[in-house]
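Please look at the sequence and the three-dimensional structure together, and keep both in view while reading.

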Amino acid sequence: MAALRSGFRRLFSISAFSPPPTAAVPPPAEPSTNLFVSGLSKRTTSEGLREAFSKFGQVVYARVVTDRISGYSKGFGFVRYASLEEAAEGIKGMDGKFLDGWVIFAEYARPRPPPSGQASPPQTSEPPFNHQ
């Protein structure tokens, strides 16, 4: 009976339950001339994105990422400035502001991670073996 009670205590004690692990917050991206812009409206075009961000510096490239089938915005895009200073001004000027009726967020773009599960073939200087 004593073993049964200790089992219930262990089962229902607060210490038996642990909180879920906290989500890992990625470190802030390194400053670059390339910005990631999220929260875009479906109506926002690449030209509209360029026009909005050109108030803060020379925009070299602006693109809204769209769905291949529907052609609508996926809600994010990229803006590239000519210099780091202009990129910082673009973030300061547009982060948390309205564009086409939606609040958008601008931050430095992170480099794309390598594709998972696809190992590159080993690099060798020898030609492949041929069966004869």
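The structure shown is a predicted model, and its chain contains three helices and six strands. The chain has 132 residues, of which buried residues make up 23%. It exposes about 10600 Å² of surface, with carbon and sulfur atoms supplying 59% of that area. When contacts between residues at least 6 apart in sequence are considered, 61% of them join residues at least 24 apart.

Strands of a sheet pair through backbone hydrogen bonds, either parallel or antiparallel. Here four strands form an open sheet in the order β2-β3-β1-β6, and their pairing is antiparallel. Because β2 and β6 each have a single partner strand, they stand at the edges, and one side of each is left without a neighbour in the sheet. On average, and with direction ignored, neighbouring strands of this sheet are turned by 20 degrees against each other. Between β1 and β3, the antiparallel pairing extends over five bridges, and Phe 36 stands opposite Phe 78 in β3.

Two helices can now be placed against these strands. Helix α2 lies across β1, β2, β3 and β6, and runs at about 140 degrees to β2. Helix α3, in turn, lies across β1, β3 and β6, running at about 150 degrees to β6.

Which residues touch the most other members of the largest nonpolar core? In this core of 18 residues, they are Leu 35, Leu 49, Phe 53 and Val 79. Two or more residues of the core come from each of β1 (34-38), α2 (46-53), β2 (59-66), β3 (73-81), α3 (84-94) and β6 (105-108). Once neighbours within four places in sequence are set aside, Leu 49 is in contact with several residues, including Val 37, Ala 62, Val 64, Phe 78, Val 79 and Leu 99.

Met 94 lies in helix α3, and it counts as buried because its relative accessible area is 6%, with the limit for burial being under 20%. Not counting residues up to four places away in sequence, Met 94 touches Ala 52, Phe 53, Phe 56 and Ile 104. The C-alpha atoms of Met 94 and Val 37 are separated by 9.2 Å, although these residues are 57 residues apart along the chain. Ser 38, which lies in strand β1, is also buried, with a relative accessible area of 17%. With residues up to four places away in sequence again not counted, Ser 38 touches Gly 75, Phe 76, Val 103, Ile 104 and Phe 105.

Finally, the structure holds one salt bridge. Lys 92 forms this salt bridge with Glu 89, and their closest N and O atoms are 3.3 Å apart. Because Lys 92 and Glu 89 are three residues apart in helix α3, they are separated by about one helical turn.

Key: Residues are numbered from 1 along each chain as its sequence is written. This is a predicted model: local features need pLDDT of at least 70, side-chain atom pairs count only at pLDDT 80 or more; totals for chains, interfaces and linings use all residues. Side-chain values use heavy atoms; hydrogens and water are left out. A nonpolar core is a set of buried Ala, Val, Leu, Ile, Met, Phe, Trp, Tyr and Cys residues joined through side-chain atoms within 4.5 Å. Buried means under 20% relative accessible area, exposed over 50%, partly exposed in between (1.4 Å probe, protein chains only). Contact means heavy atoms within 4.5 Å. Two strands pair if DSSP finds at least two bridges between them. Axes are lines fitted to C-alpha atoms, for helices over the stretch in contact, and angles run from 0 to 180 degrees between N-to-C directions. Accessible areas come from the Shrake-Rupley method with a 1.4 Å probe; for residues, only the protein chains shown count as cover. A salt bridge is a side-chain nitrogen of Lys or Arg within 4 Å of a carboxyl oxygen of Asp or Glu.
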